[in-house]
Amino acid sequence: MQFILRILEGALIGLGAVLPGISGGVLSVIFGVYKPLMEVLGNPLKNWKKHLMLLIPIVIGVVVGFLGIAKLLGFLLDRYPGPSVFLFLGLIIGMLPSLFREAGEQGRNKNSFIGMAVAFIIVLALLICLMFVLNLSIPFNFFTCLFCGFSLALSIIAPGMSFSTFLMPLGLYQPFVEGLGNLDFSVLIPVAIGAVVTFILFVRGINYMLKHHYSVMFHSIIGIVMAATLLTPFESELLSVAYASAGAIIINLVFAVIGIVCALLLDKFNSGVTKE
């Protein structure tokens, strides 16, 4: 029974990893698997036997939840791009209060807000440059799939970060989830490579930051999320469909509100769960 429960928890983590605004890392904290996961990723040769029986059902569930929801998301983004993106934006906005609360668990100081402001400005400037100044059309290829893998891995090892934060304003989220849902190995292989390299390079650094600079790190994540969310509605492919008419705008705003409400309800549920 415990094995099945762990598979269900893993499925929810996988679901959270792919849904915009919901962090798989946060859900792994809630279910008590974040610390053993980071221990294994930080030193797999030493710690894999210690946590093997815990992580096997979790990994099975993550794969099932992740790939299962990816197919549905690809369909929704293809058929209903405006309402889908605004629903996801609502989810992201609705999760900001819980992320801010999480960031203040160990107190706040001026460095916390400096980190948030600096991260916001840097990411906002970078995205404005890519989206409007250079007006680049970012192709979906092997190298951008590597970036997708980096973003995915970061959303797992940095609680509060959702990989959609990086991918949606660049127009990479839809082809990414479609590739996952269709089990396209030209997407899966570079994504896996990008994720593994990210785990190798960043897990110990993330562990250090969480231990020694918890508040600054989490407030910086908030700055990144805010900057990306602010520019997502102006992604080039979205402009032609999301604002085509007054009716379309109203429908999209309604879905954004629905997303906010759903995220707030999820936060209320999460707040009632005791972290192990």
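Is Ser 112 buried or exposed? Select Ser 112 and see. This is a predicted model.

**Stop 1: Ser 112.** Ser 112 sits in helix H6, residues 110-133. Its relative accessibility is 0%, so Ser 112 counts as buried; the cut-off for buried is under 20%. Now show what surrounds Ser 112. Leaving aside neighbours within four places in sequence, Ser 112 is in contact with Ser 215, Val 216 and His 219.

**Stop 2: H10 and H11.** Select helix H10, residues 185-212, and helix H11, residues 214-231. Their axes come within 5 Å and cross at roughly 115 degrees. That makes H10 roughly perpendicular to H11. Show the side chains at the crossing. H10 makes the contact with Ile 206, Met 209, Leu 210 and His 212, and H11 with Tyr 214, Met 217 and Phe 218.

**Stop 3: the core.** Next, look at the largest nonpolar core, which has 60 residues. Leu 167, Tyr 173, Phe 176 and Ile 206 have the most contacts inside this core. Helix H11 gives the most to this core, with ten residues. Centre on Leu 167. Beyond its neighbours within four places in sequence, Leu 167 is in contact with Phe 147, Cys 148, Ser 151, Leu 172, Tyr 173 and Phe 176.

**Stop 4: H5.** Finish on helix H5, residues 81-103. At 1.5 Å a residue, its 23 residues should span 33 Å. The end C-alpha atoms are 32 Å apart, which agrees. Where does H5 bend? Zoom in on Leu 96: H5 bends there by about 35 degrees. A proline, Pro 97, follows within four residues.

Technical notes: Residues are numbered from 1 along each chain as its sequence is written. This is a predicted model: local features need pLDDT of at least 70, side-chain atom pairs count only at pLDDT 80 or more; totals for chains, interfaces and linings use all residues. Side-chain values use heavy atoms; hydrogens and water are left out. Helices (H or I, at least four residues) and strands (E, at least two) are DSSP runs, numbered from the N terminus. The expected span of a helix is 1.5 Å times one less than its number of residues. The bend at a residue is the angle between axes fitted to the seven residues ending there and the seven starting there. A nonpolar core is a set of buried Ala, Val, Leu, Ile, Met, Phe, Trp, Tyr and Cys residues joined through side-chain atoms within 4.5 Å. Buried means under 20% relative accessible area, exposed over 50%, partly exposed in between (1.4 Å probe, protein chains only). Contact means heavy atoms within 4.5 Å. Axes are lines fitted to C-alpha atoms, for helices over the stretch in contact, and angles run from 0 to 180 degrees between N-to-C directions. Angles under 35 degrees count as roughly parallel, over 145 as roughly antiparallel, 65 to 115 as roughly perpendicular and the rest as oblique.
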